Amino acid sequence: MRVCLMSPEIAAHGVVGGFGVMTRALAWGLSNKGIEVYVVVPRKPGQKPIEVIDNFIVVSYPGGTYTGVRTSIPCAPIFKLIDADIYH
């Protein structure tokens, strides 16, 4: 199974809040259960476009902050490539 999490941040680059901490913890927990996990986040300064963190893949995109599904429409090609069973 492949899961894609969309979040405004991930606890890995700079100062983050609750969403970033929760996203990393959820991705870590799912990946430790054998689930293939991708996290899609806006790119922070110094962040690579694709990274492996704690056994899951973080895909970042250039641009503004994620504020909901409508702002993620430009990321449709990323979501299509990930081809997840579950998007959250």
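## Terms and overview

A residue counts as exposed when its relative accessible area is over 50%, and as buried when that area is under 20%. These cut-offs apply here to a predicted model.

The chain has two helices and five strands. Read from the N terminus, the elements follow the order β-α-β-β-β-α-β. Of the 88 residues in the chain, 40% are buried.

The five strands form an open sheet. Their order is S3-S4-S2-S1-S5, and the pairing is mixed. Strand S3 (50-53) and strand S5 (86-87) stand at the edges. Each has a single partner strand, so one side of each lacks a neighbour in the sheet.

S1 and S2 pair in the parallel sense, over five bridges. Arg2 stands opposite Glu36, a residue of S2. Helix H1 packs on the sheet and touches S1, S2, S3 and S4. The direction of H1 makes about 160° with that of S2.

## Helix H1

Helix H1 covers residues 18-32, which is 15 residues. At 1.5 Å a residue, H1 should span 21 Å.

Which residues of H1 are buried? They are Gly20, Thr23, Ala27 and Ser31. Seen down the helix axis, the buried residues fall within an arc of 65°, so they line one face of H1. What do they pack against? Their partners are strand S1 (2-6), strand S2 (36-42) and strand S4 (56-61). After H1 comes Gly34, which has a positive phi, near 90°.

The largest nonpolar core has 11 residues. Among them are Val3, Leu5, Ile10 and Ala27. Val37, Val39 and Val41 also belong to this core, as do Phe56 and Val58. S1, S2 and S4 each supply at least two of its residues. S2 gives the most, with three.

Setting aside neighbours within four places in sequence, Val39 is in contact with Leu5, Ile10, Thr23, Ala27, Phe56, Ile57, Val58 and Val59. A second core is separate and has 10 residues, including Met6, Tyr61, Cys75 and Phe79.

## Two loop residues with positive phi

Asn55 lies in the loop between S3 and S4. Its phi is near 75°, a positive value in a residue other than glycine. Is Asn55 buried or exposed? The relative accessible area of Asn55 is 57%. The cut-off for exposed is over 50%, so Asn55 is exposed.

Asp83 sits in another loop, between helix H2 (76-82) and S5. Phi of Asp83 is near 50°, again positive in a residue other than glycine. With 52% relative accessibility, Asp83 counts as exposed.

Definitions and conventions: Residues numbered from 1 in each chain as written. Predicted model: local features only at pLDDT ≥ 70, side-chain atom pairs only at ≥ 80, totals over all residues. Heavy atoms only, no water. Helix = DSSP H or I, 4+ residues; strand = E, 2+ residues; numbered from the N terminus. Expected span 1.5 Å × (residues − 1). Buried < 20%, exposed > 50% of the residue type's maximum accessible area, 1.4 Å probe, protein only. Arc of directions from axis to C-beta. Contact = heavy atoms within 4.5 Å. Core = buried A, V, L, I, M, F, W, Y, C linked by side-chain atoms within 4.5 Å. Pairing = 2+ DSSP bridges. Axes fitted to C-alpha atoms, helices over the stretch in contact; angles between N-to-C directions.
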